[in-house]
Amino acid sequence: MSVLRSLESKIAGLVEGTFSRAFRSEVRPVELARKLAREMDQHKAYSVSRTYVPNEYRVYLSPRDRAQFEGYEDNLADELAAYLLEHARRERLALIARPVIEFETDARLGLGQFGIQTGVVNPEHGESSIPEQDGHTVVYGSVGAGAGAQAVKRRAVLLVAGRRLLVGPTGATIGRSRQCDVVVEDPNVSRQHAEVRPRANGWVLVDLGSTNGSILNGRRIERPEPLAPGDTIEVGTSVITFDVE
C-alpha cells in the first residue's frame, strides 16, 4: 500500500471546523510531504519563461524518528519524490531532474523535529549544491539559514475561539488552505497567510506574502517579529492569541 495514498484526503481529515490542528509527537509522512512542498515553493528561481525549483532535498531526523521508517525508507523517499513531482506539475514549476529525497540522522534533534535542506543536482555533473553541514542541522521553520538544531524549550500554544491548539516543534502555518496547520475559513485570509516559527530562543510570527497582511498587537508586520505570551495575531477578521507552556 502506498505510504502517501490519498494524501489530500488525509490532510482534509485533520480539519475541524473553522480552525484546525494537525500536530503529533512524531514525524509523520504526511507532515514531511507538506513541509517538502513548502520548501519547494519557497526556493524558486525565475528565468525568462520558467520558474525553477530545487530537485534535491535532504531531510534530517532524530534517531527515534528515523527508526520508525526502518524497512521502508527507500519506498518512502520514492513516494515523497513522486508527491513533489506532482506538486511541481500542478503549480507549473520546472525541475531539471526528478526530485531526490535523502534521509540523514542528527542526534541533536528532538522527537518530532526535523530539518530540510534544498539543492539542485545537475544530472550531467552529478554535483549537489547543498553544502556540507559540519555537523549542523537546520531545524525546519527556524529563521536564518545555517543555524544549529536547537530545541525550543517552551511549547507554543495558539488560543483560537476558546480552544488551545498546541504548536508542533516545526511551527504552524495559518491560512485558508486545508494544507495549513491552522485553517481559517475567511475570504479575507490568503491560502497560506502567516506562520508561527521556532527560533533558538523563542518564536516569531512571519507573514507569508499575504494579500491583506498579518497584524501583531495592532500593527502590520513587515518582517519576522518575536512573539511573547499574550500577543494577539490578526489574520483577516480572525484573532488568535499566542501563549507558551
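**Charged residues, one by one**

Author: Arg98 is partly exposed, with a relative accessible area of 45%. Here buried means under 20% relative accessible area, exposed means over 50%, and partly exposed lies in between, using a 1.4 Å probe and protein chains only. This is a predicted model, where local features need pLDDT of at least 70, side-chain atom pairs count only at pLDDT 80 or more, and totals for chains, interfaces and linings use all residues. Residues are numbered from 1 along each chain as its sequence is written, and side-chain values use heavy atoms, leaving out hydrogens and water.

Back to Arg98. It sits in the loop between α4 and β4. Helices (H or I, at least four residues) and strands (E, at least two) are DSSP runs, numbered from the N terminus. Ala81 is 17 residues from Arg98 in sequence, yet their C-alpha atoms are 7.5 Å apart in space. Contact means heavy atoms within 4.5 Å. Setting aside neighbours within four places in sequence, Arg98 touches Asn55, Asp78, Ala81, Ala82 and Leu85.

Now the paired charges. A salt bridge is a side-chain nitrogen of Lys or Arg within 4 Å of a carboxyl oxygen of Asp or Glu. That rule gives nine salt bridges. One of them joins Arg58 to Glu104, with the closest N and O atoms 3.6 Å apart. Arg58 belongs to strand β3 (residues 56-61) and Glu104 to strand β4 (residues 100-105), so this pair ties together parts that are 46 residues apart in sequence. Glu104 is partly exposed, at 31%.

Two further bridges are worth a look. Glu73 pairs with Arg66, and their closest N and O atoms are 3.0 Å apart. Arg66 is partly exposed, at 23% relative accessibility. Glu225 pairs with Arg219 at 3.6 Å, again between the closest N and O atoms. Glu225 is buried, at 13%, whereas Arg219 is partly exposed, at 44%.

Next comes a network. Salt bridges link Arg34, Lys35 and Asp181. Asp181 is in the loop between β8 (172-175) and β9 (182-183). It is buried, with a relative accessible area of 1%. A polar contact is a pair of N or O atoms within 3.5 Å; within protein, one must be able to donate a hydrogen and the other to accept it, and residues adjacent in sequence count only if both atoms are side-chain atoms. Asp181 and Arg34 make such a contact between their side chains, at 3.1 Å. The side chain of Asp181 also reaches the backbone nitrogen of Thr173, at 3.0 Å.

Which side chain of opposite charge is nearest to Asp65, a buried residue with no salt bridge? It is Arg28, 5.8 Å away. For charge, Lys and Arg count as positive and Asp and Glu as negative, while His and the chain ends are not counted. Asp65 lies in helix α3 (residues 63-67). Its side chain reaches the backbone nitrogen of Gly112 at 2.7 Å. Beyond its neighbours within four places in sequence, Asp65 has contacts with Glu26, Val27, Gly110, Leu111, Gly112 and Gln113.

Glu234 is found in strand β15 (residues 232-235). It is partly exposed, with a relative accessible area of 29%. Leaving out neighbours within four places in sequence, Glu234 contacts Gly213, Ser214, Ile215, Gly218 and Val239. Val189 is 45 residues from Glu234 along the chain, and their C-alpha atoms are separated by 9.9 Å.

Last, step back to the whole chain. It holds four helices and 16 strands. Of its 245 residues, 47% are buried. Take the contacts between residues at least 6 apart in sequence: 61% of them join residues at least 24 apart.
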